[in-house]
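The sequence and the coordinates are shown first.

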Amino acid sequence: MTIALLIAAAMLLIGAVCAVARMTMGPTVLDRAVALDVFVALGICGLAIEAAYGRHTFTLPLLLVLTLLGFVGSVSIARFTQGSDDIEEDPS
């Protein structure tokens, strides 16, 4: 069980480092927003692994709130930012 936990933590850490790198190097706001959403999802996964390893349910409300905030944040950013320039608009 400990080996699986270490492997999962290492994979989440690698993903978090890649997400932070994308947040700092992202050329557009949407790239940074997606990287932030991935970072929040990795945090949710880390909390879920900790809850499964500790065999408790204290973090489930926190997981629910973080999931809702991640969804609402990404939808609101997608709604209120201007579209990318590389997508052609419909001429009709």
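What is the relative accessible area of C45, and is C45 buried, exposed or partly exposed? C45 has a relative accessible area of 39% and is therefore partly exposed, where buried means under 20% relative accessible area, exposed over 50%, and partly exposed in between (1.4 Å probe, protein chains only). C18 is also partly exposed, with a relative accessible area of 49%. The structure holds zero disulfides, a disulfide being a pair of cysteine sulfur atoms within 2.5 Å.

The model is predicted: local features need a pLDDT of at least 70, side-chain atom pairs count only at pLDDT 80 or more, and totals for chains, interfaces and linings use all residues. Residues are numbered from 1 along each chain as its sequence is written, and side-chain values use heavy atoms, with hydrogens and water left out.

**Fold and confidence**

Three helices and zero strands make up the secondary structure, and the order from the N terminus is α-α-α. Helices (H or I, at least four residues) and strands (E, at least two) are DSSP runs, numbered from the N terminus. The mean pLDDT of the protein is 87, and 89% of the residues score at least 70; pLDDT is the predictor's confidence in each residue, from 0 to 100. Confidence is highest in helix α1 (residues 2-25), at 94, and lowest in α3, at a mean of 90.

Of the 92 residues, 14% are buried. Contact means heavy atoms within 4.5 Å. Among contacts between residues at least 6 apart in sequence, 43% join residues at least 24 apart.

**The loop between α2 and α3**

The loop between α2 (29-54) and α3 (60-80) contains T59, and R55 lies in the loop between α2 and α3 as well. T59 counts as buried because its relative accessibility is 12%. Leaving out residues up to four places away in sequence, T59 touches L47, E50 and A51.

R55, at 77% relative accessibility, counts as exposed. Its phi is positive, about 55 degrees, although R55 is not a glycine. Most residues other than glycine have a negative phi.

**Helix positions and surface**

A48 is placed in helix α2. A78 is placed in helix α3, and its C-alpha atom is separated by 9.5 Å from that of V34, 44 residues apart along the chain.

| Residue | Relative accessibility | Class |
|---|---|---|
| A48 | 34% | partly exposed |
| L68 | 53% | exposed |
| A78 | 54% | exposed |

L68 is found in helix α3. Together with F71, V72 and V75, L68 forms a nonpolar patch on the surface, and the four have about 380 Å² of accessible area together. Patches are made of residues with over 30% relative accessible area and no salt bridge, with like charges joined within 9 Å and nonpolar side chains (Val, Leu, Ile, Met, Phe, Trp, Tyr) within 5 Å. A salt bridge is a side-chain nitrogen of Lys or Arg within 4 Å of a carboxyl oxygen of Asp or Glu.

The protein exposes about 7200 Å², of which carbon and sulfur atoms supply 72%. Accessible areas come from the Shrake-Rupley method with a 1.4 Å probe; for residues, only the protein chains shown count as cover.
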